[in-house]
Amino acid sequence: MSNALAGYKALVYFSTSTSGALAKIAELRDFTLRQTHAPINATSHDSSGDRELIAGTGTWAGSAAGLYASTNASQQNIQDVLQSRVKVNLEAYPKGTSSGGYWSGEIFISDFELSSPNEDASAYNVSFEGHGVLTSTST
């Protein structure tokens, strides 16, 4: 039996400020979190011809996409947060509840895209960049 998670259960929440209450992003169809590490090249003439690295900086970012609903408050809040350039809180739940573990951290929303294709539903895509550490909580 597979231990794979059903992606359709995933939920993403964000706030409109770092102290504000979290609200679920409505009509979510997909979300992605990416963590990266950029090691620093410490190779010198004393490295005997082999590359040497030391720990560098970490970063994280992500995106969320879904069906666009012009009357939905959480989708309007995304646009407001982007325009006001404020840092907000994010929580992502792969199983839809905290019992399955979740990720949290502070973000800046960096991009909001709306598409209205001729033969499909209107959709949004929002991108964000993490500020500080992305915390993983397992339960």
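The lining of the largest cavity in this predicted model consists, by class, of 8 nonpolar residues, with no polar and no charged ones. The residues are Phe14, Ile25, Ile78, Leu90, Ile107, Ile109, Val126 and Phe128. Strand 6 and strand 7 are the elements that give two or more residues to this lining. The space inside is about 40 Å³. The count of cavities of 30 Å³ or more comes to 1.

Isoleucine 25 sits in the loop between strand 2 (23-24) and strand 3 (28-41). Is isoleucine 25 buried or exposed? Its relative accessibility is 6%, so isoleucine 25 counts as buried; the cut-off is under 20%. Which residues does isoleucine 25 touch, leaving out those up to four places away in sequence? They are Val12, Phe14, Ala64, Ser74, Ile78 and Tyr124. Now follow the chain onward to isoleucine 40. Isoleucine 40 is 15 residues apart from isoleucine 25 along the chain, and their C-alpha atoms are separated by 37 Å.

Next come the strands. Strand 5 (residues 87-93) and strand 6 (residues 102-115) run antiparallel, joined by 6 bridges. Within this pairing, valine 88 stands opposite isoleucine 107 of strand 6.

How values were computed
Residues numbered from 1 in each chain as written. Predicted model: local features only at pLDDT ≥ 70, side-chain atom pairs only at ≥ 80, totals over all residues. Heavy atoms only, no water. Pairing = 2+ DSSP bridges. Helix = DSSP H or I, 4+ residues; strand = E, 2+ residues; numbered from the N terminus. Buried < 20%, exposed > 50% of the residue type's maximum accessible area, 1.4 Å probe, protein only. Contact = heavy atoms within 4.5 Å. 1 Å grid on protein atoms, 1.4 Å probe; cavity = no way out; pocket = protein on both sides within 12 Å on 5 of 7 lines; lining within 4 Å. Points joined across faces, edges and corners; volume = space filled by probe spheres on them. Nonpolar A, V, L, I, M, F, W, Y, C, P; charged D, E, K, R; others polar.
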